[in-house]
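Student: I would like to take a close look at a single part of this model. Could you guide me through it slowly?

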Amino acid sequence: VAPNRWCVTRQDLIEFRCLVKKHVAEGRIAPTELDPFDPNDADVGPCVHTITKQLIVPVTEKAGNTSWALMLHPDGLECDLFVTHCWLEGIYEFIDKVLNSWPRGARHAYCCMLSNPQNLDIGDLLSIPRESPFALALMSARYMLVVPNRKCSIYSRIWCTYEAFIAYSESKFIFVATPPLKGALRRVCLLLALSFVTAIASSFLCSLSGPIPNLALRLIVDFVLFCVMLQSFLRPPRAMQVVTHVAAVFGGMCVGYICGPGGDTGSVELWNAIALCVTAAMAEVDRLWSRQSAEEACNLRREYTGDLRDAKSSVESDRENILCELELFGQEQRVNLAIEVLLTSGMSTPTLQAAAETVGLLEQVGYWNLSITSMIWVAWFASSLGELANYDNTSLQSGYPYAWIDAMGGPPFVRWQFWVLVFSCLQALVWL
């Protein structure tokens, strides 16, 4: 079976995580002097070296010294995702990041600890790096996942650097794997609850003091929009958190004033006010994402010097072979440049590579703003739906049940304006 078919599926990784957890609980995978992991920890777990020695090697030895991937899939699976990592991360941390960042179009992944036969000496296969199993699998893959860890930059390991360079040179889609965002749902619910409570309080105050002027309402809306935009540019996490809570409070005030006495609960403004509350909640997710992205960026730069020749390898001959190959083709500086592009941009695609060659380094293009995206989408959908719901208010104003037929020139479904709003709502749903 060719190396580019030594792959596992997403489900295989899920089952492997469960198996490791079971073996740890039973004491069959135990802490060592080099890896004193906590058996009760479910977030990081034993490092890949420990898992390989205490689980993968014994099991695959009984299966005929094959790899874990070929043990599960004897005929192999075509590689479309290549995972690069440096074996120092915990197995739970590794699998959670890969599963959370698994590209939508990928089906089978090459992961060296599971793909390579760990009981056999494959040193001869690595003597020519570009013809190694790693390179062959990477050449056939469309995506590559870079898995950071808490101990060192994977770019301080020469095989990881070499793999990243090949992926960049071959215009692969390269992404940085990130863990699931824990606590995001709870924080979103808390902010929505804050907006709801503020809305009730604002509506009650309106019943006592009367409706507020439209100008004041618009100023509040503009202030919320300003807070959301400001949050996307802030860096200190505490400042970002304060701004998102302020936006949630004032968004709730908008809803309360519109729903209060004198307000128009059937107006588009109500939908827009609800959109502001949702946007404020999503801004909190952006804050958590921003903090997580900063941590992963820090992990990728830890102990990385920016010079390929400082990269290490557990097998010195592998390091020498890679350096000789790159020196022979005069590509050392290209390797350093490719890694710097990946560190600065956070991802790479053929389109982004072309853009970077034209305008230079693009910072953190792998990060996108959920609050701004949700604000635009909710405003788009809510405005269209609100206009559609109020399309025939003429009948209510005239007092004559069928006056809208005479006034508007026929029932709604025969007028082109009606269908524009319908298709606008459908287009928003399809985009989502």
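Student: Which residues in helix 7 meet which residues in helix 12?

Tutor: Before the answer, note that this is a predicted model, in which local features need pLDDT of at least 70 and side-chain atom pairs count only at pLDDT 80 or more, while totals for chains, interfaces and linings use all residues. Residues are numbered from 1 along each chain as its sequence is written, and side-chain values use heavy atoms, with hydrogens and water left out.

From helix 7, the residues Ile158, Trp159, Tyr162 and Phe165 meet Asp318, Arg319, Ile322, Leu323, Glu325 and Leu326 of helix 12, where contact means heavy atoms within 4.5 Å. Helices here are DSSP runs of H or I with at least four residues, numbered from the N terminus; helix 7 covers residues 158-169 and helix 12 covers residues 316-328. Sorted by class, this contact has seven nonpolar, three charged and no polar residues, where Ala, Val, Leu, Ile, Met, Phe, Trp, Tyr, Cys and Pro count as nonpolar, Asp, Glu, Lys and Arg as charged, and the others, Gly among them, as polar.

Two packed helices are described by the angle between their axes and the distance between the axes. For helix 7 and helix 12, the angle is about 35° and the axes are 10 Å apart; the axes are lines fitted to C-alpha atoms over the stretch in contact, and angles run from 0 to 180 degrees between N-to-C directions. The crossing of helix 7 and helix 12 is left-handed, a word used if the near helix is turned anticlockwise from the far one by less than a right angle.

Elsewhere in the model, strand 2 (residues 81-84; a strand is a DSSP run of E with at least two residues) has both faces covered, with Leu81 and Val83 buried on one side and Phe82 and Thr84 buried on the other, buried meaning under 20% relative accessible area with a 1.4 Å probe and protein chains only. Strand 2 runs parallel to strand 3 (residues 108-111), joined by three bridges, and pairing requires that DSSP finds at least two bridges.

Conventions. Buried < 20%, exposed > 50% of the residue type's maximum accessible area, 1.4 Å probe, protein only.
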